[in-house]
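Open your viewer and keep the selection panel handy.

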Amino acid sequence: MNTKWIKALAKLEADGVPAVMITVVDERGSTPRNAGAKMVVSDDQQFDTIGGGHLEYKAIKIARKLLEEGQTQPRLERFSLGASLGQCCGGATTLLFEPMGTGTVQIALFGAGHVGRALAPILASLPCKIHWIDAREDEFPDTIPEGVNKIVNEFPVDEVENLPANSYFIVMTHNHQLDQELTEAILERNDFSYFGLIGSLTKRNKFIHRLKAKGFVEDQIERMTCPMGIPEVKGKLPAEIAVSVAGEVIAQYNAAFGCEQQTPPQETTIVERLAI
């Protein structure tokens, strides 16, 4: 029995990487794999197999579309293994697609100063995967909270492109020029769910002036949250700022809570419409 998918799923979960587990739940006639066969698909990797061929190709394509759309609900798909799928088995199979880890919020926290050190443990207690980034090794505490990936990089801006789409970016470094460079890199991506920059309205206005001078348009700039945090929290202590910022992050990822109707997996038999 091939169990590569078990180790792969555990590793992806530990790394906070969303994936889809595909399971053969029904077989009729001649099929490539028996019921119970599984494979795991992430955005750029696949583990194990449900039989190969065009069926597997289609399954991987569906799985990655679910990841791209951020789907969280399981889904059933039934396939006839005939000419339309380029298969000659002649049977039929039903696959269950189960998104895994798609509810985990990926957060890049730039800065290991006083506020960063107060904020990281709070974020780590939430359903989030934290990438804590700074160029200064000695600024990080001796004990890093569980669920936090400490990254020491002399060039923190290089880490911006390593985060997946829909990530949260929080910038609170010790250097205004570095904050500016990070802001430009994040806004250029323009595929994030949240971008918060620590600072006052004066800092925001200065950054807006510089961004416009570099060709950033209003729609891009407006996606920058600065000042960040819950306005009602007026305190200036690192812990107070950290709680305020964490509250805003929670409000962001809970914005649609309860809006989606929870439905059981739906089965479709129109395979042709999936040829996208």
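**Stop one: the cysteines**

Select C128 to begin: this residue is buried, with a relative accessible area of 10%. Buried here means under 20% relative accessible area, exposed means over 50%, and partly exposed lies in between (1.4 Å probe, protein chains only). Next pick C226, which is buried too, at a relative accessible area of 5%. How many disulfides does a search of the whole structure find? The search finds zero, a disulfide being a pair of cysteine sulfur atoms within 2.5 Å.

Before moving on, note that this is a predicted model: local features need pLDDT of at least 70, side-chain atom pairs count only at pLDDT 80 or more, and totals for chains, interfaces and linings use all residues. Residues are numbered from 1 along each chain as its sequence is written, and side-chain values use heavy atoms, with hydrogens and water left out.

**Stop two: helix α1**

Now select residues 4-15, helix α1. Helices (H or I, at least four residues) and strands (E, at least two) are DSSP runs, numbered from the N terminus.

Colour W5, A8, L9 and L12, the buried residues of α1. Looking down the axis of α1, you will find its buried residues within an arc of 100°, so they line one face of the helix. That arc is taken from the directions from the helix axis to the C-beta atoms. On the face turned away from the buried side, find the exposed residues K7, K11 and A14.

What do the buried residues of α1 pack against? Show β1 (19-28), β2 (38-42), β3 (46-48) and β5 (92-100), where contact means heavy atoms within 4.5 Å. Following α1 comes G16, with a positive phi near 70°.

**Stop three: helix α2**

Select residues 53-69 for helix α2, whose 17 residues should span 24 Å; its end C-alpha atoms are 25 Å apart, in agreement. Its buried residues include L55, I60 and L67, as well as E56 and K58. Among the elements covering them is β4 (75-80). Just after α2, G70 has a positive phi of about 70°.

**Stop four: an open sheet**

Finally, show the five strands ordered β8-β7-β6-β9-β10, an open sheet with parallel pairing. Two strands pair if DSSP finds at least two bridges between them. At the edges, β8 (148-152) and β10 (194-197) each pair on one side only. Zoom in on β7 (residues 128-134), joined to β8 by five bridges, and find D134 opposite V152 in β8.

Definitions and conventions: Expected span 1.5 Å × (residues − 1).
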